[in-house]
Amino acid sequence: MYVDHPLIKPNTMESRLYQQVIVANALKKNTLCVLGTGLGKTAVATLTIAGILSKMDGKVLIIAPSRPLVEQHYNSLKTFLNIDEEDIVILTGKISPEKRKKLWKDGKIFIATPQVVENDIVAGRISPEEFVLLIADEAHHTTGSHSYTFVASAFKDKTRVLGLTASPGSNIDKILEVCENLGIEHVEIKTHDDADVRKYIKNVKIKPLKVKLPKEYVECINLLKKSLKERLKILRDSGIIYTTNINKSELLALQRKIMMINDNSRYELMKIVSEAIKLDYAIETLECQGKDAFLNYYERLGSQNTKSAKGVVGDSRVLKAVYKLRTMEIEHPKMEKLVEVIKNILSSSKDKREKIIVFAQYRDTVDKIVNILNSNGINALPFVGQSNRDGKGMSQKKQVEIIEKFKNDDDVNVLVSTSVSEEGIDIMSVNYVIFYEPVPSEVRYIQRRGRAARGEGGECIILIAKDSRDEGYYWSAIQKERNMRRLLKEMEKTLNEKLKERNNGGSIYEITNEMGYNGIDDNSGSEVDNRIDGSEIDNKDYSLSENTVNRKEGPLDAYINMGSDIKFKDERGELNRREYKDNEKIEEEISNCDQEKTKYLR
């Protein structure tokens with residue numbers, strides 16, 4: 001049965017009752033729609049547009065976090081909406097400002113990244129008063145200083161707002177912040193547990209595969225751990241920390257604590273902290289990525305002209321580990337297992353056009369995987385974010401070309417991607433997703449896994465190095481997803497009641513205490529303590545995906561821009577700038593620590 005509406009092309013969109021209920025509410029109130037992957041966020045958006053435009057004269061804006069997602073919305077609207085295609089407009093930063101100004105004037109439905117919209121609002125090229133609907137896809141980005149928040153603030157009091165997301169996270173404060181920033185009046189939540197959506201769910205089987213690190217790797221990791229322990233003991237003996245059993249988040253947060261020290265010891269302590277961050281990152285890279293990724297990182301450290309980088313590069317234990325790794329021809333066992341798994345999938349599949357997505361954290365690892373797969377007769381394509389300061393990456397045009405080639409070229413079986421393809425990119429034929437490493441963020445875990453939910457009974461394979469941080473990250477994501485699902489089920493009714501109170505003058509942030517939440521429930525068992533010595537793992541999620549890092553944790557705010565993997569804004573306070581602007585030594589080490597935090601977050 002298909003949707004019957006004058007603005008929807010006949011026999012193009014399947015009719016689903018739960019979607020129509022959501023749209024009915026979205027037409028009356030600013031609505032945040034939380035829909036699990038594969039449940040039809042695109043259909044909800046299209047039906048809402050049709051409903052609004054059939055009753056009101058005005059313009060519609062869709063914001064999405066990446067160019068591939070913008071292109072995807074454009075193609076979907078052309079497929080389903082029964083309106084002149086010339087009225088559907090894509091706006092990018094590559095279009096000249098004058099031409100964008102004309103397009104804003106002449107078009108009806110606009111799709112753009114929030115950065116483009118923000119720039120045009122500031123420059124006066126767009127008037128929010130002309131719009132009747134704002135749709136924020138991947139609405140969980142509407143926090144902190146993200147461009148989503150700026151655009152929402154300009155539109156929310158002038159037009160209807162629809163926020164869409166599959167994974168808002170397990171932190172109640174973040175969800176409430178999204179609601180506040182978008183001006184949300186009503187929340188619609190549908191999970192895979194709801195009876196009215198269950199028949200549309202394609203189950204994804206989770207299959208963790210553990211590999212044992214070779215003894216040569218373990219020996220090198222132990223050398224690095226001894227060097228790290230040495231730095232942590234200095235910090236303990238200086239009274240900066242109370243134990244060397246410290247987690248990653250706590251280590252990163254030491255930067256601000258040391259900045260507040262009033263004597264000259266802060267210079268050396270900042271250097272020690274920076275060295276510890278580098279060593280911790282090096283350990284994780286070797287454990288979870290392999291020797292090539294570790295050696296590449298070591299080479300990058302060698303090119304840095306800072307005392308902390310020189311301290312790590314010249315450390316005797318580090319040098320010994322580097323020598324061992326350079327003289328061995330042993331790949332990380334994940335690589336061999338990955339090739340084996342993909343060969344088994346392709347050889348056993350009845351469909352020779354079988355498609356597989358492999359997710360890897362870093363671009364170096366993506367390149368390595370693509371090269372090894374191609375050398376084994378497996379046709380693989382890389383898919384990464386836009387160019388960074390090193391000139392590496394893909395243009396938006398190239399990203400779109402890669403997606404189309406992967407979808408339409410029967411000879412291409414594997415797409416190897418960084419986080420850029422986690423959110424929303426519609427690759428319908430994928431039945432298998434492989435994580436080269438687990439991610440501790442429940443949002444990214446759900447988004448990655450969801451790429452397999454679009455096939456006919458998908459499988460998600462997660463490669464895990466035994467006795468490494470991989471194990472903790474894996475269980476952390478699973479537990480946090482459970483917390484999120486519980487939270488969503490409990491909060492929908494209460495949140496809608498409190499949103500009504502807010503509209504009568506209350507504050508949305510009063511909800512937290514009344515619901516009994518303070519972030520993640522302390523009794524839920526979700527806290528997995530990530531110890532830097534490698535014995536335990538952190539779930540405090542300085543990991544790789546939260547769109548905004550809590551300002552309490554350090555001087556750098558970060559947010560995701562999926563078109564370029566990650567984008568950073570320097571939000572260091574003006575007080576700190578004035579206090580330290582003339583102190584070159586400490587600024588050098590602060591900058592060095594900020595760069596290292598970037599590596600954790602990228």
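Okay, let's start with Lys-59, which sits in strand E2, residues 59 to 63. Keep in mind that this is a predicted model. So is Lys-59 buried or exposed? Its relative accessibility is 10%, and because buried means under 20%, Lys-59 counts as buried.

What does the side chain of Lys-59 make a polar contact with? That would be the side chain of Glu-130, at 3.1 Å. Glu-130 also turns up in the list of contacts, once we leave aside neighbours within four places in sequence.

Let's zoom in on E13, residues 459-465. With E8, strand E13 pairs in the parallel sense over 7 bridges, and in that pairing you can find Ile-206 standing opposite Cys-460. E12 also runs parallel to E13, and 4 bridges join the two. There, look for Ile-434, opposite Ile-461.

How many residues of E13 are buried? It's 7 of the 7, so the strand is largely enclosed by the rest of the structure. In a regular strand, the side chains alternate between the two faces of the sheet. For E13, both faces are covered. Glu-459, Ile-461, Leu-463 and Ala-465 are buried on one side, while Cys-460, Ile-462 and Ile-464 are buried on the other.

Now the helices. Take H9, residues 248-259, and H10, residues 265-288: they pack at about 165°, with axes 10 Å apart. Angles over 145 degrees count as roughly antiparallel, so that is what we call H9 relative to H10. The crossing of H9 and H10 is left-handed.

If you want to see who meets whom, the H9 side includes Leu-251, Leu-252, Gln-255 and Ile-258. Across from them, the residues of H10 include Leu-269, Met-270, Val-273 and Ile-277.

Conventions: Residues numbered from 1 in each chain as written. Predicted model: local features only at pLDDT ≥ 70, side-chain atom pairs only at ≥ 80, totals over all residues. Heavy atoms only, no water. Buried < 20%, exposed > 50% of the residue type's maximum accessible area, 1.4 Å probe, protein only. Polar contact = N/O pair within 3.5 Å; in protein donor to acceptor, adjacent residues only side chain to side chain. Contact = heavy atoms within 4.5 Å. Pairing = 2+ DSSP bridges. Axes fitted to C-alpha atoms, helices over the stretch in contact; angles between N-to-C directions. Parallel < 35°, antiparallel > 145°, perpendicular 65-115°, else oblique. Left-handed = near helix turned anticlockwise from the far one by under 90°.
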